[in-house]
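Hi,

Here is the structure I said I'd pass on. Have a look at it first, and then read my notes below.

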Amino acid sequence: MTEQRQTERSVRIRIAVSVFLSAFAFGLNITGISPVLGVLNETYSEYGTSMVQLLQTLPYLLLIGGSLIIGWLTTKLSKKNITLLGLLIVGCCGVLPFFADSFGALFLARLLIGFGFGIMSPMNTAIIAEFFPPEERASYMGLHVVGMGIGTMAGNLLGGMLAGIGYRWFYLVYLIAFAAMIGVKGVLIETPPVKPAASGSRKLNKMVFVVSFASFAHTLFINAYNTNIGIYIMQNITDDPSLTGVVTAVNAAFALLVGMFFAKISGFFKTYTLTFSIFAAAAGYAVILFVPGMAGVYMASALCGVSLSCFMAIASYLISISVEQDAVAQASGVFSIIGGIGGLIAPIVLGGAAGALGGNTAVNQFRVSLTGMVILGAAALIAAFSKIKEEQRA
């Protein structure tokens with residue numbers, strides 16, 4: 001019995017380390033190029049602000065493509081090899097613009113990196129579902145969010161410091177993906193590919209699509225922070241790019257805290273956890289609009305970090321318990337696809353809506369996103385209340 005417990009403990013540790021390392025590298029997807037977005041907006045001013053902002057969300061295009069084939073890919077490759085392939089693509093494409101200083105090279109790299117993130121995105125949820133029963137998954141989902149938070153914070157802080165040398169040096173922060181790749185290769189347990197007969201879309205259900213639609217809307221509106229905070233700071237406060245790195249690190253730090261305590265947070269809010277995560281972002285946008293200076297920026301960064309972290313953790317958990325274990329990767333892929341569409345169209349939708357308010361400015365995009373988050377939060381609140389009523393009647 002003692003030997004069996006030691007084996008189980010070893011498996012738990014190895015899976016936990018792998019989940020953390022993968023999530024750490026995936027945090028770079030949130031970092032994107034936001035610490036240097038303000039500088040890039042000036043460097044490539046001839047392309048226009050909307051095109052430069054698109055560089056932050058462009059990976060969502062092939063992230064969708066990667067997620068689209070994940071159900072098929074899991075029948076051909078092990079989850080370990082899929083994760084390693086994703087990390088390799090992220091590392092190569094992330095570092096490429098350091099060696100090729102042109103808008104075209106940056107555009108291509110940002111496009112292709114999305115495929116790496118796309119095939120990585122569902123893997124941690126699928127791995128957790130494969131090794132642990134539903135009642136144990138919340139803590140590992142929290143660990144996933146912790147890894148993303150630390151990875152995003154490290155990407156922002158280190159990237160901000162590198163950008164202080166020169167904006168091209170920022171891209172070297174993507175060497176993190178290669179380090180994570182080495183770690184995952186050493187600790188993640190190899191499991192066989194999913195049998196083709198077990199990967200059909202018939203195993204998906206209504207909950208998968210409801211949660212995925214919520215992700216679409218949340219991703220759409222949360223991107224106003226990622227694509228505008230650097231521009232907002234440079235246009236209204238300071239032209240120091242390193243400060244943007246500090247601000248986005250605050251965002252990641254609060255995301256980290258939520259990940260660390262997610263099991264307790266979800267235990268406290270229960271059915272209303274998703275609602276809480278959405279209203280946190282609404283509060284963040286309200287703060288940046290009504291509290292002037294860096295005080296508002298820091299508070300908004302913290303609240304948006306709480307929102308993103310909590311939303312991703314609870315949404316991934318809901319996906320993992322909504323379908324059978326062998327369909328989790330596919331369900332997570334659908335979740336990534338629909339959420340990715342929200343991220344992809346964010347600059348266009350937010351820019352158009354902001355233009356209707358009088359101009360495509362950071363402030364107007366924050367106003368649009370505040371409204372969107374309030375509406376989404378109200379819908380989630382009604383859905384949660386209805387679910388509780390149904391459970392009480394049952």
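To get your bearings, which helix does Asn29 lie in? Asn29 belongs to helix 1, which covers residues 2-31. Keep in mind that this is a predicted model.

Asn29 is buried, because its relative accessible area is 12% and the cut-off for buried is under 20%. Setting aside residues up to four places away in sequence, Asn29 touches Pro59, Leu63 and Phe117.

Helix 11 gives the largest share, 6 residues. By class, the lining has 13 nonpolar and 16 polar residues, and no charged ones.

The second largest cavity holds about 80 Å³. Its lining includes Ile30, Thr152, Asn251 and Met312. Helix 9, helix 12 (241-260) and helix 15 each give two or more residues to that lining, which has 7 nonpolar, 5 polar and no charged residues.

One more residue to look at is Leu289, in helix 14 (residues 273-290). Leu289 is partly exposed, with a relative accessible area of 24%. Leaving out neighbours within four places in sequence, Leu289 is in contact with Val363, Phe366, Arg367 and Leu370.

Cheers

Technical notes: Residues numbered from 1 in each chain as written. Predicted model: local features only at pLDDT ≥ 70, side-chain atom pairs only at ≥ 80, totals over all residues. Heavy atoms only, no water. Helix = DSSP H or I, 4+ residues; strand = E, 2+ residues; numbered from the N terminus. Buried < 20%, exposed > 50% of the residue type's maximum accessible area, 1.4 Å probe, protein only. Contact = heavy atoms within 4.5 Å. Nonpolar A, V, L, I, M, F, W, Y, C, P; charged D, E, K, R; others polar. 1 Å grid on protein atoms, 1.4 Å probe; cavity = no way out; pocket = protein on both sides within 12 Å on 5 of 7 lines; lining within 4 Å. Points joined across faces, edges and corners; volume = space filled by probe spheres on them.
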